[in-house]
Amino acid sequence: MKLEMKLNGKDVSFEIAGPELLLDLLRDNGYFGAKRGCDNGDCGSCAVQVDGKSICSCIYFAGQAHGREVTTIEGLGTMEHPHALQETFVECGAVQCGFCIPGMLLSAKELLDECPNPKDADIREALDGNLCRCTGYTKQFEAVKVAAKRIIEGKSKGRKPARGGKSR
Ligand code: FES
Ligand code: FES
């Protein structure tokens with residue numbers, strides 16, 4: 001089957017043989033930002049966006065993404081043009097080992113796209129599918145609040161989508 005999608009803003013196509021998972025397709029093609037954690041839809045470390053909604057790519061067939069727009073962490077920002085959330089996660093000390101961070105950032109982005117001025121409960125709900133073994137969540141929670149304020153005030157350095165790093 002020929003699978004076509006818009007991936008991080010670019011039209012791409014892949015040949016897939018069968019019921020391949022989106023997480024495998026992405027990682028086999030160099031998009032290592034989505035992480036394999038529980039492999040069961042529970043931890044959120046594999047989260048990517050499909051048509052603007054965060055999904056767990058470990059339980060989502062690649063074929064389901066045909067004709068859709070997929071965004072991975074590689075498409076969220078770059079070193080030169082980080083997304084406001086990437087800026088504030090670093091500034092607030094919300095990143096430790098980093099394993100959960102790609103999924104958490106994409107969940108937070110979905111929230112801010114839909115709800116630019118979220119209440120505390122909105123942030124908790126948006127991040128409740130993303131497990132973190134390091135941080136205790138407080139700093140990540142704070143980082144989302146600061147990013148929301150920064151986006152509203154137009155103070156972010158930039159959010160130019162592009163394919164970026166390849167951390168595994
Ligand atoms: S690896 Fe997909 S939800 Fe945990
Ligand atoms: S920063 Fe280590 S799992 Fe979240």
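## Just past helix H2

Let's start at Gly93, which sits just after H2 and takes a positive phi of about 70°. Keep in mind that this is a predicted model, so every value here is computed from it.

## Helix H2 itself

Now step back into the helix. H2 runs over residues 84–91, and six of its eight residues are buried, so the rest of the structure largely encloses this helix. Which residues of H2 are buried? They are Ala84, Leu85, Gln86, Glu87, Thr88 and Phe89.

## Asn8, in a loop between strands

Gly93 has a positive phi, and Asn8 has one too, of about 50°, although Asn8 is not a glycine. To find Asn8, look in the loop between strand E1 (2–7) and strand E2 (10–15).

Is Asn8 buried or exposed? With a relative accessible area of 10%, Asn8 counts as buried, because the cut-off for buried is under 20%.

## Asp51, in another loop

Asp51 is not a glycine either, yet its phi is positive, at about 50°. Asp51 lies in the loop that links strand E3 (47–50) and strand E4 (53–56).

Terms used:
Residues are numbered from 1 along each chain as its sequence is written. Chains are lettered from A and ligands numbered from 1 in the order in which they are written. This is a predicted model: local features need pLDDT of at least 70, side-chain atom pairs count only at pLDDT 80 or more; totals for chains, interfaces and linings use all residues. Side-chain values use heavy atoms; hydrogens and water are left out. Buried means under 20% relative accessible area, exposed over 50%, partly exposed in between (1.4 Å probe, protein chains only). Helices (H or I, at least four residues) and strands (E, at least two) are DSSP runs, numbered from the N terminus.
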